[in-house]
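Work through the exercises below with the sequence and the model side by side. Try each task before reading its solution.

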Amino acid sequence: GVTSKGGYRHFMLKEIHEQSQVIAATLEGRLGDHQVLVNSFGTDAEQLFRGVRQVHIIACGTSYHAGMVARYWIEKLAGVPTQVEVASEYRYREVVVPEGTLFVTLSQSGETADTLAALRFAKQRDYRGSLAICNVPGSSLVRESDLTLMTQAGPEIGVASTKAFTTQLVALMLLALALGRVRGANGEHAPIVQGLRELPGVINQVLALDGEVERLSMAFAEKHHALFLGRGAHFPIAQEGALKLKEISYIHAEAYPAGELKHGPLALVDSEMPVIAVAPNDELLEKLKSNLQEVRARGGELFVFADESIRMETSAHLHVLRVPAVSDALAPIVYTIPLQLLAYHVAVLKGTDVDQPRNLAKSVTVE
Ligand code: G6P
């Protein structure tokens with residue numbers, strides 16, 4: 001059944017391995033031949049989306065990181081200005097709401113107190129409408145929003161969110177494509193639609209890296225700090241990787257957009273501070289490589305999750321893990337997975353309570 005570990009040692013590991021299947025379920029019935037089906041967001045979605053000039057995305061925790069990725073996607077694929085904010089900040093400030101702003105909440109549970117309060121706050125303001133991307137049917141967020149798109153992650157038991165996050169990313173890519181479509185994108189996003197169809201297969205290939213990631217994890221068990229680097233839409237993926245490591249292994253971790261390295265964190269780099277970088281083969285690769293050189297020159301130990309086509313070999317103080325080639329647009333979803341596996345294996349080595357980390361709750365329903 002859904003609430004058994006199904007032979008896995010922890011729910012988290014089971015949920016990581018379910019990602020191919022739940023991503024396929026989240027896409028089911030929502031793609032046409034070359035385009036996203038806009039009515040996946042509700043029968044009124046097309047009409048509502050047509051008037052959207054701006055997007056505000058509100059969430060907490062891991063869901064917030066999904067929103068951060070979506071900002072890169074929506075601005076690139078739909079040309080719609082997008083802001084992302086944590087709910088606990090948004091709900092207590094004076095927010096300017098330009099005409100035609102769509103209010104989007106992201107939540108696994110649909111019951112996070114701050115996110116729900118943010119929605120209620122937004123309903124008092126002049127938004128174009130509200131959309132909830134959520135994993136729990138009938139939750140408060142779903143009931144109170146104008147439009148909903150359900151992720152199909154199924155029950156997530158591990159406190160550290162994994163499959164809920166990647167299905168949120170898939171849902172947000174559908175949103176970016178839908179907003180692009182109503183704004184006149186015509187066919188140019190067909191390769192992304194095709195990429196989405198192939199995504200479950202790619203995810204399975206990445207999951208096969210489990211053993212390799214487990215071997216890398218041994219270098220982290222004795223460390224007290226770690227730095228995660230990414231650029232572009234992979235900066236929030238680095239943030240999510242750092243959050244996973246913090247949550248379950250209790251190792252202090254933070255993420256930086258790699259271009260900011262020399263504005264501070266480089267001062268911390270030495271052999272005791274592993275640096276993890278996400279290196280898809282995109283237009284920012286050369287920039288990232290020179291950032292990594294800066295780390296090596298300071299005696300840092302580098303762990304790079306890199307596209308298999310990149311020329312970069314494991315050598316002294318540089319560990320390269322090859323990730324299957326994937327299109328730029330969908331790479332953030334794929335690169336999430338080795339970072340989840342890394343956090344998981346480090347936590348297992350450290351002997352923490354992986355599924356129920358100390359002091360944390362699955363759903364924060366009080367402020
Ligand atoms: C808690 C959980 C996180 C989750 C966050 C937001 O902090 O431990 O895993 O990302 O709440 O939850 P939501 O249900 O709104 O996505």
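**Exercise 1: the nonpolar core**

The largest nonpolar core has 123 residues, and those touching the most other members are Leu172, Ala176, Ala277 and Val334. Helix H8 gives the most to this core, with 13 residues. A nonpolar core is a set of buried Ala, Val, Leu, Ile, Met, Phe, Trp, Tyr and Cys residues joined through C-beta atoms within 7 Å. The model is predicted: local features need pLDDT of at least 70, side-chain atom pairs count only at pLDDT 80 or more, and totals for chains, interfaces and linings use all residues. Residues are numbered from 1 along each chain as its sequence is written.

Task: Which residues does valine 334 touch, not counting residues up to four places away in sequence?

Solution. Step 1: apply the cut-off for contact, which is C-beta atoms, placed from the backbone, within 7 Å. Step 2: read off the residues that valine 334 touches, which are Val202, Ile203, Val206, Val323 and Val326.

**Exercise 2: the sheet**

Task: In what order do the five strands of the open sheet lie?

Solution. Step 1: find the strands, which are DSSP runs of E with at least two residues, while helices are runs of H or I with at least four, both numbered from the N terminus. Step 2: pair two strands if DSSP finds at least two bridges between them. Five bridges join strand E1 (residues 54-59) to E2, and valine 55 has threonine 82 in E2 as its bridge partner. Step 3: write the order, E2-E1-E3-E4-E5, with parallel pairing. The edge strands, E2 (82-86) and E5 (147-150), each pair on one side only. From one strand to the next, the twist averages 20°.

Task: Across which strands does helix H8 lie?

Solution. Step 1: take axes as lines fitted to C-alpha atoms, for helices over the stretch in contact, with angles from 0 to 180 degrees between N-to-C directions. Step 2: H8 (residues 163-182) lies across E3, E4 (129-134) and E5, at about 145° to E4. H4 lies across E1, E2 and E3 (101-107), at about 170° to E2.

**Exercise 3: glutamine 152**

Task: Is glutamine 152 buried, exposed or partly exposed?

Solution. Step 1: locate glutamine 152 in the loop between E5 and H8. Step 2: count the other C-beta atoms within 10 Å, where 20 or more means buried, 12 or fewer exposed, and in between partly exposed. Step 3: glutamine 152 is partly exposed, because that count is 17. Its contacts, leaving aside neighbours within four places in sequence, are Val22, Ala25, Thr26 and Thr167.

Methods
Two residues are in contact if their C-beta atoms, placed from the backbone, lie within 7 Å.
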